[in-house]
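Here are some short notes to read beside the model. Please keep the sequence and the structure in view while going through the points.

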Amino acid sequence: MNDMTRVARRTATSIPPAFAVPKRPFILRAGKRIRRQVDAIVARSSRVPNDPVLDPALFSWTQLLRDNWRAIREEALAVTRNEEAVPALRKVSPDHARIAEDDKWRSFFLIGYGARIEENIARCPRTAAVLAQVPGLNSGFFSILRPGTHIPEHRGVTKGLMTCHLGLQVPTSGSVRMKVGPETVGWAEGETLVFDDTYHHEVWNDTNETRIVLLVQFERPLRQPGKLVADLFVGGIRRSAFVKEATDNIALWEQSIRKVEAMANL
């Protein structure tokens with residue numbers, strides 16, 4: 001066996017394999033059984049409409065995303081240029097393997113359920129600075145859909161969290177779209193899309209190009225008692241082994257990529 005073969009084998013084995021789908025944490029399993037009641041309390045306490053898709057103007061901070069979208073896109077394109085350095089979402093969060101069966105849906109996390117990925121934040125300082133100004137930020141990451149990606153219908157875990165997408169790279173040939181409840185929406189570069197992901201939603205990229213958005217998950221503006229209920233639910237998820245496993249997987253991936261890069265520079 002020559003030296004090049006040894007390096008190739010070490011490189012191939014250094015990338016983490018697909019992770020096994022774990023048992024969902026108690027907070028999610030228990031929450032699913034009472035989700036309707038929990039979401040009903042949160043909905044009655046909401047300071048914004050409970051529609052599937054909402055006007056971004058209801059959230060003044062979304063203007064920061066639009067004002068800085070070119071700088072954010074520049075950082076996103078830089079860190080996603082090497083696709084192998086961006087893990088498939090199912091390898092970061094095994095629970096997503098149910099809706100992300102292949103590697104076409106990839107994610108570059110800066111923050112996940114409150115956990116900071118410091119190495120990625122250092123790579124994207126402008127994006128991180130904008131995210132730091134989002135009230136009630138829960139997660140922030142670049143969501144990458146390769147050509148031909150289809151994300152089956154699914155829903156979020158709690159109405160206490162909402163989602164905002166900032167379009168960074170949006171194909172213009174073919175159809176790239178998302179259905180949220182009864183509404184079908186699309187993305188535009190430099191524009192924001194806010195929606196309630198507890199409505200069943202489904203995504204298609206029926207183009208020959210890659211779609212990239214900055215996905216921002218944030219706390220729904222609430223009155224009491226909904227805020228207390230939502231905070232308890234989200235707090236339980238943040239402290240769960242489920243979230244720890246996801247952040248550990250990101251760390252493992254980063255270690256592997258550094259090894260590969262080191263070998264390439266030998």
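Which residue in strand 4 is the bridge partner of Ile 111? The partner is Gly 140.

1. Basis. This is a predicted model, in which local features need pLDDT of at least 70, side-chain atom pairs count only at pLDDT 80 or more, and totals for chains, interfaces and linings use all residues. Residues are numbered from 1 along each chain as its sequence is written, and side-chain values use heavy atoms, with hydrogens and water left out.

2. Strand 4 and its partners. Helices (H or I, at least four residues) and strands (E, at least two) are DSSP runs, numbered from the N terminus. Two strands pair if DSSP finds at least two bridges between them. Strand 4 (residues 137-145) pairs with strand 2 (residues 105-112) in the antiparallel sense over six bridges. Strand 4 is also antiparallel to strand 11 (residues 211-219), over eight bridges. There, Ser 139 has Gln 217 of strand 11 as its bridge partner.

3. Burial of strand 4. Nine of the nine residues in strand 4 are buried (under 20% relative accessible area; exposed is over 50%, partly exposed in between, with a 1.4 Å probe and protein chains only).

4. Leu 65. This residue is found in helix 4 (residues 62-67). Leu 65 is buried because its relative accessible area is 0%. Leaving aside residues up to four places away in sequence, Leu 65 touches Ile 72, Val 130, Cys 164, Leu 166, Thr 192, Leu 214 and Val 216 (contact means heavy atoms within 4.5 Å).

5. Helix 9. Buried residues in helix 9 include Gly 226, Ala 230 and Phe 233.
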